[in-house]
Amino acid sequence: MQNLEYWRKVRTFKECTQFRPRRKEKNMRRHLIALDGRKPADYAFEWYLENFARPDDQVVIFHCSLFQLSIALPGAAVNVDAVSKQVQEAMDRANTITQNANEVLKAKGIRGYIIIKSGMKPEEAILLTAEEEKVDHIFMGTRDLNSLERVFIGSVSTNVVRNAKVPVTIVKMSPS
């Protein structure tokens, strides 16, 4: 159960190409790239690197882990091992996603750091992190939900665009 408490409160900083600076350097751009392990987000990251990134930029690689814990009926005994396994799998997935992006940044010589959050909706976590880290721009992919899906599921990218205090670029995958 200790893993579950840790994961609820996690805000992890990991070294990428340098340690996280306390202040932005003059003329440095800080961008947040939201990654969730899906193709649209990966495409947005690649698009950013090819079309927008500069060597003096700093990138915040961001991931918000959303996972469902099937605990059981109220009052029933909780399978602690199953819950711990689900939490560990979510942590491993988040680390894999962010470490892959970290390696790409290192190869391109772009400075950055990783932030992983959990325990809130992805759009809320993105907006909160953008404010906390004082980013200049947010980049993210889109799943191209239709109107009905957007009503029932909700669109993270739409909510971020509507509520962000900085410019947001939504990178749409070309149909193939």
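**Exercise 1.** Find which residue of strand E5 stands opposite Leu32, and describe how E2 and E5 pair.

*Solution.* In this predicted model, Leu32 has Ile138 of E5 as its opposite residue. Strands here are DSSP runs of at least two residues, marked E, and helices are runs of at least four, marked H or I, both numbered from the N terminus. Next, look at the pairing, which requires that DSSP finds at least two bridges between two strands: E2 and E5 (residues 137-141) are joined by three bridges and pair in the parallel sense. Residue numbers count from 1 along each chain as its sequence is written, local features need pLDDT of at least 70, side-chain atom pairs count only at pLDDT 80 or more, and totals for chains, interfaces and linings use all residues. Side-chain values rest on heavy atoms, with hydrogens and water left out.

**Exercise 2.** Determine how many residues of E2 are buried, and which way each of them points.

*Solution.* Buried means under 20% relative accessible area, with a 1.4 Å probe and protein chains only. By this cut-off, five of the five residues of E2 (residues 30-34) are buried. In a regular strand, side chains alternate between the two faces of the sheet. Accordingly, Arg30, Leu32 and Ala34 point one way, while His31 and Ile33 point the other way.

**Exercise 3.** Follow the chain from E2 to E3 and state the handedness of the crossover.

*Solution.* E2 and E3 (residues 58-65) run parallel and share five bridges, and Arg30 stands opposite Gln58 in E3.

How values were computed:
Buried < 20%, exposed > 50% of the residue type's maximum accessible area, 1.4 Å probe, protein only. Right-handed = clockwise from strand over helix to strand, strands pointing away.
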